[in-house]
Amino acid sequence: MKIRAVAFVALLFPLVAVAAPNAAEGGKLVQQHKCEACHESKVYGPPGSIYTRKDRKVTSWEKLKAQVAGCNTMLNIGMFPDDEENVAKFLNDTWYKLPVK
């Protein structure tokens, strides 16, 4: 009986696996929601300057994900958590280069 239960759980495990964040999808979302334009209007600089400034708030992968989630919530964008992960992956690959945990 125990062997059957273990086998059943082993068969279900792949169904609950979470896909890795996708930077390409994140880039599409950044473009779709005009994230870059919003940020440029706040720092009055060239594209990407908000990500490369010396006093940036994002200094870790966890802070990057929190910042993306905060923008999503404050602006009522309506992205799902996996969309937020994709955006964070895109931003990290493009600008931050932070170690991902």
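**Pocket, cavity and charge pairs**

Mentor: Sorted by class, the 25 residues around the largest pocket comprise 17 nonpolar, three polar and five charged ones. Keep in mind as we go that this is a predicted model.

Trainee: What is the volume of the largest pocket, and which residues are closest to its centre?

Mentor: The largest pocket holds about 540 Å³ of space. Closest to its centre are His-39, Ile-50, Tyr-51, Gln-67 and Cys-71. The elements giving two or more residues to that lining are H3, H4, H5 and H6.

Trainee: And what makes the other void a cavity, when this one is a pocket?

Mentor: The test is escape: in a cavity a 1.4 Å probe fits but cannot get out, whereas a pocket is an open set of points.

Trainee: Which residues line the largest cavity, and which helix gives the largest share?

Mentor: The lining consists of Glu-36, His-39, Glu-40, Val-43, Pro-46, Gly-48, Ser-49, Ile-50 and Tyr-51. Helix H3 (35–43) and helix H4 (49–52) each supply at least two of the lining residues, and H3 has the largest share with four. By class, the cavity lining has four nonpolar, three polar and two charged residues.

Trainee: Why is the pair Lys-28 and Glu-25 called a salt bridge?

Mentor: Set the distance against the cut-off. A side-chain nitrogen of Lys or Arg must be within 4 Å of a carboxyl oxygen of Asp or Glu. For Lys-28 and Glu-25 the N to O distance is 3.3 Å, so the pair qualifies. By this rule the count comes to five salt bridges.

Trainee: How are Lys-28 and Glu-25 placed along their helix?

Mentor: They are three residues apart in helix H2 (residues 23–32), which separates them by about one helical turn. As background, an α-helix has 3.6 residues a turn, so residues three or four places apart point the same way.

Trainee: What makes Glu-62, Lys-65 and Glu-85 a network?

Mentor: Lys-65 takes part in two of the pairs I would point to. The side chains of Lys-65 and Glu-62 meet at 3.6 Å, N to O, while the closest N and O atoms of Glu-85 and Lys-65 are 3.5 Å apart. Both distances are within 4 Å, so both pairs are salt bridges, and the three residues are linked in a network.

Trainee: Which residues of H6 are buried, and what do they pack against?

Mentor: The buried residues of H6 are Asp-83, Glu-84, Asn-86, Val-87, Ala-88, Phe-90, Leu-91, Asn-92 and Tyr-96. They pack against H2, H3, H4 and H5. After H6 comes Lys-97, with a positive phi near 60°.

Trainee: How many helices and strands does the protein chain have, and how much of it is buried?

Mentor: There are six helices and zero strands. Buried residues make up 25% of the 101 residues in the protein chain. Among contacts with a separation of 6 or more, 62% join residues 24 or more positions apart. The accessible surface of the protein chain is about 7,500 Å², and 64% of that surface belongs to carbon and sulfur atoms.

Note on methods. Residues numbered from 1 in each chain as written. Predicted model: local features only at pLDDT ≥ 70, side-chain atom pairs only at ≥ 80, totals over all residues. Heavy atoms only, no water. 1 Å grid on protein atoms, 1.4 Å probe; cavity = no way out; pocket = protein on both sides within 12 Å on 5 of 7 lines; lining within 4 Å. Nonpolar A, V, L, I, M, F, W, Y, C, P; charged D, E, K, R; others polar. Buried < 20%, exposed > 50% of the residue type's maximum accessible area, 1.4 Å probe, protein only. Contact = heavy atoms within 4.5 Å. Areas by Shrake-Rupley, 256 points an atom, 1.4 Å probe, with all protein chains shown as cover. Points joined across faces, edges and corners; volume = space filled by probe spheres on them.
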